[in-house]
Amino acid sequence: MPEVKKWAMDVRMSFQKTGMAKFISHLDTVRCITRAMKRACVPIWFTEGFNPHAFLTFAMPLSLGFESLCETVDFRLMEETDLNELAERLNNALPVDITVKEIYIYETSPNDIRWAEYKIIFNNPDNLLLEQAEKILSSNEIMVLKKVKKGRNKVEKEVNIKEHIKSFELENENGKLVLKTILSSGTSTNINPMLLIGALVKDTETDEQDVDIIKVQSYTENMEIFK
Amino acid sequence: MVKKEVEKLLKKVQKPARYTGGELNSVIKDKNNVKLRYAFCFPDNYEIGMSHLGMKILYSLVNAREDAWCERVFAPWEDMEALMRENSIKLYALESGDNLDEFDLVGFTLQYELSYTNVLNMLDLGGISVLKKDRTSLTPIVIAGGPCVCNAEPMVDFIDIFLPGEGEEVTNDLIDLLIEHKEKGSTRLEFLREAAKIEGVYVPEFYDVNYNEDGTIKSIENKETAPPKVKKRIISDLDAVHYPKDFVVPFIDVVQDRTVGEVFRGCIRGCRFCQAGFIYRPIREKSPEVINEQCRSISDATGYDEISLCSLSTSDYTNIEKLIPMLFNWALKENINVSLPSLRVDNFSDELMEELKKVRRSGLTFAPEAGTQRLRDAINKNVTEEDVLKTALKAFDGGWTSVKLYFMMGLPTETLDDIKGIADLAQKVVDTFYHNPNKPKGKGVQVSVSCASFVPKPFTPFQWEPQDTADMLIEKQKHLLSSTTSRKITISYHQSDTSVLEGVLARGDRRLGEVIYKAWKKGCKFDSWDEFFDFPKWREAFNECNLTTEFYANRRRDYDEILPWDIMDYGIRKEFLIDENKKAHLSETTPHCRIKCSACGANKLNGGKCDARS
């Protein structure tokens, strides 16, 4: 028997998560968006098991404490829908710091994501930080302790993340140090910028928690913007 | 609207979204456009506080006024409190981010005794003097409501005004009065004198309590404008009273995170151990149309995928068979689940059972409360062993394989035979499963027995009874374990020291204020959390005040002793409670209110009306 498609449209929503929304964890974001869909009466497709639930696919979970300008979530619509009007309706149903940018028909898969660009702002950098950061980023080896899966357990392993840094740019901005960098991202290898930040501030007086991290853009293997 | 210096701290704490505010449906106003600012404080963490229906009702009620703004405040968790103290950041309200000491009314809800130290800690963190005698300006006025207010005495050193009973009307009365006095520039005393004239307002400083040499109360004298007894307020028409059109939707997972439909207030059952069953009388119902509409509105405004019906015993709702299909009619289509807590499955019709099968089923729970029929009669829990086993059989037929049984330990008149009865009843449930030819194939049964320690509470027939000591409870717990033979039964029970403290605070008098203060100074807080509860510190505090827990918890009181809560009038007649106490000792039951009115007296609060008799 041929499989019958039970929904009308496959769509992707791109959205920003900024300001205080950075303190909403990934799982809480999923729930928050699910509820917004319900409030906005989005005709979303539900799974058909014993516990039907809204079917949402997020490209990459965003760490707690990060802001992002480039989040995406894929879902299915039960009926043909005006996507611009839908985006507006959803924006009215979402908390202020989560904003829909666009809802569109997509051609790529979240698996195509290979790189992510971050803007990292050290709010209160140590005098030595700029020099040290430049030196570390330019060296051939950046060793960090990374949690890796070993069978069922997670263990800490020392790894070189140099090859996972595509580019970097350091700048002083009104007493703050701004690092723009492109790091490996995606399902196979994902480098959390906190790993790099930890390596950069090591042995300085800079507080690694007094840092703003903004995910700016995701890219594919060929450095095309993921859309 | 969290301040920049707070935002910095949030990167270092667990679950930062507890402290950010900005949730959907939270209410933001311009503080310059309101005449009164109200901080509604829940003396426990965000997840517990955000689950509380009373807070949602009052938040929405106050914010429906143009001249007042109500905000939410919760007790910060340990990690956040440490950072706040270290960085001199005061406790703030989630909507505006403004400090607690900038508010006119600071209201606490006292839902359980073990949250008392958190009240002190929150006042202190918010920059407000903990002791009311140190607060001299008109505002902030610190008020408290909730069930524990039926015996507010242990907290009188810290709270200016208590509001016994239901808060919807009296909150507005008090706000009106405080606005008037703010505008007039009254003193604190002038305001309190007028407040004490409002029905349902208890101003403790207008009462003197004198003690006998043995520590019991000699007399309670009212002065100033205070009435001799404070009568609790109730809402007469539940269909007309304010109910929220939406709920604030938390970002993080909280304990109760769903649409709640309030079905009725009060209870017809009269279980003698249950304080809620007496202090919320008389019974008043909402009509199914109103409940349905309210659930609809909240579900639309929140996006919740679950509705829960709330009352003390939902299956006693006279219109339950009408309400359930009304809710199912729209909810199931929208993938919204309807869950029904506190149900007695036995008195359900087959049609309703069929309806219920449509929704996700949760575990099956019974509360026989006691192990033998004699003791169940003594506590007036009118459930028989046959009821339990019959319902269990019905449930096993329907595919359930796990059952929870709730019991209490330390009930008045209880013997070790009654404890063994708990194990026997659990065993009979196991046997019922295995003797049932229709049992689910290839599955075993799991019976979880949960045993709470009984704590005698004011305004119940057991208010005069001695509470079991910790040693007695531990012995009973051991006896229960040794009486249980099947591996299909798991037993769990509460820590007995927390029950002792709960019992002391529940029936305590004004002298306990000093103990609470000292315990808090020693670092006690979050006493209802096992990881924080520190009984040795409480013991020290009692010793330093020359008071004992035994005096409050383990002593039998005479019927004619003046009780600390005699100041309060909850409608229930003392003679009725005495009769019920005597019947308990004879293991005699009292039929529920729809079978026969026992003239408890609560209906006089409602002009003689009671929905149990309509």
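Modeller: Before we start, helices (H or I, at least four residues) and strands (E, at least two) are DSSP runs, numbered from the N terminus. Residues are numbered from 1 along each chain as its sequence is written, and chains are lettered from A and ligands numbered from 1 in the order in which they are written. This is a predicted model, where local features need pLDDT of at least 70 and side-chain atom pairs count only at pLDDT 80 or more, while totals for chains, interfaces and linings use all residues.

Biologist: Thanks! Where does B:P140 sit, then?

Modeller: You'll find B:P140 in the loop between α5 (116-125) and β4 (141-145) of chain B.

Biologist: What is phi for B:F459?

Modeller: It's positive, about 60°, although B:F459 is not a glycine. This residue belongs to the loop between β16 (446-453) and α15 (470-483) of chain B.

Biologist: Is B:F459 buried or exposed?

Modeller: B:F459 counts as buried because it has 23 C-beta neighbours inside 10 Å. The cut-offs are 20 or more other C-beta atoms within 10 Å for buried, 12 or fewer for exposed, and partly exposed in between, with C-beta atoms placed from the backbone.

Biologist: How about B:T413, what's its phi?

Modeller: Near 70°, again a positive value in a residue other than glycine. B:T413 has 16 C-beta neighbours inside 10 Å, so it counts as partly exposed.

Biologist: Switching topic: how many helices and strands are there in chain B?

Modeller: Chain B has 20 helices and 18 strands. Its radius of gyration (taken over C-alpha atoms) is 24 Å, close to the 25 Å from the globule rule for 614 residues, so chain B is as compact as a globular protein of that length. That rule is 2.2 Å times the number of residues to the power 0.38.

Biologist: Last one: how is chain A divided?

Modeller: Into domain 1 (9-107) and domain 2 (112-220), with bounds from an automatic or database domain assignment. Their contact takes ten residues from domain 1 of chain A and nine residues from domain 2 of chain A, where contact means C-beta atoms, placed from the backbone, within 7 Å. The C-alpha centres of these two domains lie 28 Å apart.

Notes. Two residues are in contact if their C-beta atoms, placed from the backbone, lie within 7 Å.
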